[in-house]
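Please look at the sequence and the structure below. A short briefing on selected features follows, grouped by topic.

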Amino acid sequence: MTVATAPSPSVTGSPAGGPSRRRRVLRWLLPLGPALVLLAIFLAGPILWSVYIAFTNETLTGSASVNSQFVGVANFVKLFGDPNFINSFLLTFIFVIGSAVIGQNTLGLIIALLMRGRGRVTRSVVNGVVIAAWVMPEVVAAACWFSFLAEDGTLNTVLGVSQEWLYTAPMLAVILANVWRGTAFSMLVYSAALSEVPADLVEAAAVDGASPARRLLHITLPLIRRSIMANLMLITLQTLASFGLIYALTGGGPGTASQTTPLYMYEQAFRYFEIGYGSAIALVMLVIGALFSLVYLRLIKTEDA
Amino acid sequence: MRPKLAGSLLLLTALTAAGCGGGDAPESSSGAKELEVLYKVEPTWPHLEKMLTDAKKQYEAAHPGITLKLTPVQGNNEAYYTKLALLNRSPDSAPDVYFHDTFQVNADVAAGKLAPLDDYLAKWPDWSSQFPDSVKQAAKGGDGKIYGVPISTDTRGLWYSKDVLTKAGLPVPWEPKTWNDVLTAARTIKQKVPDAIPFSMYSTKIHGEASTMQGFEMLLYGTQGGTLYDDAQKKWVAGGKNFTDALTFINTIYRENLGPKLSDAHNAKLADKINWEWFPKAKLGIALDGAWASGAWKPTSTKPWPEWKDKLGWTPMPTQNGEEPGAVSMSGGWVMAMSSYTKLKQEAFDFITVATNKENSMTYSVSTGDLAPRKDVAADPKYSADNPSVKFWTDLASVTHYRPAYEEYPKVSAQIQEAMEAVTTGAQTPEEATAAYAKALPSVVGGPDKVLAR
């Protein structure tokens, strides 16, 4: 505490950065130090390593695992000419749009809107049910959906048909499962955002004769647009990296019919032991995720301007 | 304040380093030596664990001062390969001794992860007296050295349900001479016994090497001159008519609905369904599988089915058009291997000799239904006592083939699985799948100069 009594003329800025400035830097750097070191070792380290091996022919075993060579962009050239990768990329796109942007986002918003001004009992019951699906571990959720969609599962028993849903409509199955599991997040975000919408504004519009649809479109939605963007960004990134649910539900199959990019990456890296190629796929996914975030951040910024 | 922080930082780093590096110090805290053994276990397949637990007791009694640590990997073969490969990435996490599938051996030899055993084997009398020469080759490296002691070997062929075939009006014993005989029988079953699945084989990626070996190679090596690797030219064969014919067989099975439903074909537990559900209930006609299937029905199984000896028949898989020698089989097997990283080489080898001695080898072969690699086990009446099929499977050795288990083989196998699955689901025709295989092969085996166009 005694350090703080030192005069601080450097507020106006001593250009060379005097001793007091250095001391001040140390004062925030030192407590952060251990955390930074840990982050560097366990987060930055592996990331940098995986960026490096994406440019090598490293494998988990075999001769390339002991003397892997730098192969430049060969992995990426192979990647963009690989029909399985293109296929996985398209499926990932369908999965993100279908389950996150359309499914979770819209359903979450609708539930949040419907829950406004309902009784406490209704709210707790609906919240409980929706959030229960969310807190469930991915694998458990997948097991639930598997028993629901399996050939001798609940759905077929209720409908009285015999359909192999997971094989005839694998993408639909994983999209539905992910919507079911992830809607709670969007619902919570929108519930919070909607509670910030001033009631008098909506009432005033109602008095002026605006229909419920117009009130939603012209008052409520514009007021929560930043939450919408933030929510979209978060669920997009989450869904882009989704692995466990699909892996446990369909394993990416049949064939490659539901093999999204994370599953393709896993198969290449850990089943076929092509860890270099797998890392290249991971890197491409990282870039795609970053691009998505940039677009959303941009949109939020333009809204602010 | 600063020294304190620096101190805690140092401490933290030290702790982290200790945490990372503490993997398998040969000296445990009590000063006793520790050997780690890695193996696989499934709830439905406890056999290896039982045998290794016996072996651990015997070994520890004979070697005071050494503790044996048995590390199980829960899951199927594919999960085991992945786990082993990841543990083997670092000397600190690599197990000292492990259960190893022979087709993975050469890749690990090339990676320097396995220790050659020749010097130790020379001093082990059992090696020359009890292991036949063909079996000794199981884990031979490209350098001619031996990298594992066989714990099991196997052959492959057809199992069939006598009830289903009789109901379909087919002769029992059934002795198909060509692929067409097999397909005709399957079609007859489909027509006459509609509630039974006519024919089952492994043909999807989820079954991994089982699909390649029990499924595809059993077909390919039964065609005229069909092979994955040309030994004379030392090149991988890129598709060709043999390859397409083998895929066409699979295609016929699934397009004519002679096989299991797609959900079953993709079920990781297909073998359990075949052995414990379909065959006992006479819901399956014919299965292309291996000698070990009987392990599922024996008293040592988790779900014995004593009637199998009367209800099931077994016959060789015929060649495509009855070409000589009339039948085909594939052989592989598992070995006990030693890590090149282990600091206790002699101790590790001693454990391998215990795990593969007559008594333990017997326990393993009898419960798994695998064929015994040791002569004294094979000759023992206890080995064949409860298994009338064992002579048949052993005799298949006369027509059996071995995989070209070179370093590239696991990757080639993965490409074959892609082709098989594409044909199984109908995503590609046999011709398209063959073309895709031929196209992918050069990059998989390390260049077009290692590929023989067909």
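Phe273(A) sits in the loop that links helix H13 (261–271) to helix H14 (275–304) of chain A. Its phi is near 65 degrees, a positive value in a residue other than glycine. Most residues other than glycine have a negative phi, and most peptide bonds are trans. This is a predicted model, and the predictor gives the complex an ipTM of 0.82 and a pTM of 0.84.

**Cis peptide bonds in chain B**

- Val172(B) and Pro173(B) are joined by a cis peptide bond, with omega about 0 degrees.
- Pro173(B) is found in the loop between helix H8 (162–167) and helix H9 (179–192) of chain B.
- The bond from Glu324(B) to Pro325(B) is also cis, and its omega is near 0 degrees.
- Pro325(B) belongs to the loop between strand E11 (317–318) and strand E12 (327–331) of chain B.

**Annotated regions of chain A**

- An unreviewed UniProt entry places the feature "transmembrane region" at residues 28–55, 89–114, 126–148, 168–190, 228–249 and 275–297 of chain A.
- In the model, residues 168–190 of chain A are 96% helix and 0% strand, and the end C-alpha atoms of this span lie 34 Å apart.
- Residues 228–249 of chain A are 86% helix and 0% strand, with 29 Å between the end C-alpha atoms.
- The UniProt annotation "domain: ABC transmembrane type-1", again from an unreviewed entry, covers residues 90–296 of chain A.
- Over residues 90–296 the chain is 80% helix and 0% strand, and the end C-alpha atoms are 20 Å apart.

**Contact between the chains**

- Chain B gives 30 residues to the contact and chain A gives 23 residues.
- On the side of chain B that touches chain A, at least two residues come from each of helix H1 (2–21), helix H3 (77–87), helix H4 (105–110), helix H12 (262–265) and helix H20 (409–425).
- H1(B) supplies the largest share of that side, six residues.
- Sorted by class, the side of chain B that touches chain A has 13 nonpolar, eight polar and nine charged residues.

**Helix H11 of chain B and its partners**

- Helix H11 (residues 241–255) and helix H21 (residues 430–445) of chain B pack at an angle of about 135 degrees, and their axes are 9 Å apart.
- At that angle, H11(B) is therefore oblique to H21(B).
- The crossing of these two helices, H11(B) and H21(B), is right-handed.
- Among the residues making the contact are Phe243(B) and Leu247(B) of H11(B), and Pro430(B) and Tyr437(B) of H21(B).
- The residues of the contact of H11(B) with H21(B) are five nonpolar, four polar and one charged.
- H11(B) also packs with H20(B): the axes come within 8 Å and cross at roughly 30 degrees.
- Angles under 35 degrees count as roughly parallel, so H11(B) is roughly parallel to H20(B).
- H11(B) passes H20(B) in a right-handed crossing.
- Leu247(B), Ile250(B), Asn251(B) and Tyr254(B) of H11(B) meet Ala419(B), Met420(B), Val423(B) and Thr424(B) of H20(B).
- The contact of H11(B) with H20(B) has six nonpolar, two polar and no charged residues.

**Confidence in chain B**

- The mean pLDDT of chain B is 90, and 93% of its residues reach 70 or more.
- Over residues 1–29 of chain B the pLDDT is below 50, and this stretch has 21 contacts in the model beyond near neighbours in sequence.
- Where pLDDT is low, the predicted coordinates should not be read in detail.

Notes:
Residues numbered from 1 in each chain as written. Chains lettered and ligands numbered in written order. Predicted model: local features only at pLDDT ≥ 70, side-chain atom pairs only at ≥ 80, totals over all residues. Axes fitted to C-alpha atoms, helices over the stretch in contact; angles between N-to-C directions. Helix = DSSP H or I, 4+ residues; strand = E, 2+ residues; numbered from the N terminus. Parallel < 35°, antiparallel > 145°, perpendicular 65-115°, else oblique. Left-handed = near helix turned anticlockwise from the far one by under 90°. Contact = placed C-beta atoms within 7 Å. Nonpolar A, V, L, I, M, F, W, Y, C, P; charged D, E, K, R; others polar. pLDDT = per-residue confidence, 0-100. UniProt positions renumbered as here; feature names shortened; annotations may be inferred.
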